[in-house]
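Thanks for making the time this morning.

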Amino acid sequence: MKIVGIDIGGTMIKYGLISLDGEISAGGEIPTEAEKGIENLFQKISGIIEVYPKEKLLGIAVSGTGQVDGNIGKVIGGNDIIPGWIGTDLVKMLEKKFSLPAVLENDVNCAALGEKWLGAGKEKKDFICVTIGTGIGGGIVMNDDILRGDTCVAGEFGHIQIVKNGLKCMCGKKGCYERYASATALVRMVKEKTGLKLNGKEIFERERAGETVYKEIVEEWIDYLTDGLSTIIYIFNPSLIVIGGGVTKQGDYLCERINKSLVTKIGLNYKKNLSIKFAELGNNAGMLGAVYLLLKKLENFNNKNEKKIDKTPKKV
């Protein structure tokens, strides 16, 4: 038996058939066409699932953008990139149509669970995941599960304020972490100082080549990045922070510099057992984390049913 894994992004939908030990086969990706709304999205998801023989499926595991109540698989907030997405009870819709168990969880939470299951956090019951991309997202893994918070929106690290009265953020605040330490922020900083619109790969290539202006910009960006990380560390006192996102393609070269900057900003007992690792699963982390979540759901369901079975010996 296998699980259909689906990762819904603003641009593309990734999918695959995933075994119980995390091997991905028969996968691919299709355009999200977000502007066409939720009905079109549901048709696309259904079309993916219908390709696979139902009798061989254990369930459906979905990682999705936005604020999600992962306990029930409903979208409860976020940016309305996909018209009608907020308020969608996707798990209910999928389970009704396919008569298979399903889960939906926020993409960053899923990435954290994927790294916990098969990636950089697989030896840890507790760690923090920080993803650096268009914005900055966070996932808090505690006791092998996601800490969701009271209304299922915990881990919004991108909206920690690191600059008083700083740049305005889409959330309405000023000086948010993601306005200074995301990949988008790095691109903006380069544009402001050089007039060039370069992507992250191009920026790091020029920085590695020794061009002074890019070295200065990257150092400033790392400084902002570790300002936010130090705040997270003082709150959670983790033994591991896993960093994900496109910047991790820079490997040890960047990770070592982040560590060097960070150790100057945290106290002895906070860095005593702390390690910083880059994520290992790349673009598959979200799908794999959603599958991990579905397996836990099925395990809990089976355990509850076991308890309902009366195993007391009957009197003759």
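Let me begin with a convention for accessibility: a residue is called buried under 20% relative accessible area, exposed over 50%, and partly exposed in between, with a 1.4 Å probe and protein chains only. What you see is a predicted model, in which local features need pLDDT of at least 70 and side-chain atom pairs count only at pLDDT 80 or more, while totals for chains, interfaces and linings use all residues. Residues are numbered from 1 along each chain as its sequence is written, and side-chain values use heavy atoms, with hydrogens and water left out.

With that convention, Asn-143 counts as exposed, because its relative accessibility is 54%. Asn-143 sits in the loop between strand S9 (136-142) and strand S10 (145-146), where helices (H or I, at least four residues) and strands (E, at least two) are DSSP runs numbered from the N terminus. What is the phi of Asn-143 near? The angle is near 55°, a positive value in a residue other than glycine. As background, most residues other than glycine have a negative phi. Asn-237 also has a positive phi, near 50°, and is placed in the loop between H7 and strand S11 (240-244); at 46% relative accessibility, Asn-237 counts as partly exposed.

Now to a residue of helix H2 (residues 90-98), namely Phe-98. Phe-98 is buried, because its relative accessible area is 8%. If we leave aside neighbours within four places in sequence, Phe-98 is in contact, meaning heavy atoms within 4.5 Å, with Ser-46, Ile-49, Glu-50, Lys-54 and Ile-60. For Ser-46, which is 52 residues from Phe-98 along the chain, the separation of the C-alpha atoms is 8.8 Å.

Axes here are lines fitted to C-alpha atoms, for helices over the stretch in contact, and angles run from 0 to 180 degrees between N-to-C directions. The crossing of H5 with H6 is left-handed, a term used if the near helix is turned anticlockwise from the far one by less than a right angle, with right-handed used if clockwise. On the H5 side the contact is made by Leu-186, Val-187 and Val-190, and on the H6 side by Gly-200, Ile-203 and Phe-204. Those residues divide into five nonpolar, one polar and no charged, where Ala, Val, Leu, Ile, Met, Phe, Trp, Tyr, Cys and Pro count as nonpolar, Asp, Glu, Lys and Arg as charged, and the others, Gly among them, as polar.

How do H5 and H7 pack, and at what angle? Their axes are 10 Å apart, at an angle of about 140°, and this crossing is right-handed. From H5, Leu-186, Met-189, Val-190, Lys-193 and Thr-194 meet a set in H7 that includes Val-213, Ile-217, Glu-220 and Tyr-224. By class, the contact of H5 with H7 has nine nonpolar, one polar and two charged residues. Within H7, Glu-220 is partly exposed, with a relative accessible area of 28%, and, not counting residues up to four places away in sequence, it touches Met-189 and Lys-193.

H6 and H7, in turn, pack at about 115° with their axes 8 Å apart, and H6 passes H7 in a left-handed crossing. Here Ile-203, Phe-204, Arg-206 and Glu-207 of H6 meet Tyr-214, Lys-215, Val-218 and Trp-221 of H7, and the classes are five nonpolar, no polar and three charged.

Last, the aromatic pairs. Rings of Phe, Tyr and Trp (its six-membered ring) pair if their centres lie within 6.5 Å, and planes under 30 degrees apart count as stacked, over 60 as edge-to-face and the rest as tilted. The count by this rule is five aromatic pairs. One of them is formed by Tyr-180 and Tyr-224, a tilted pair with 4.9 Å centre to centre and 50° between the planes. This pair links distant parts of the chain, 44 residues apart, with Tyr-180 in helix H4 (residues 178-181) and Tyr-224 in helix H7 (residues 212-236). Tyr-180 is buried at a relative accessible area of 7%, and Tyr-224 is buried at 19%.
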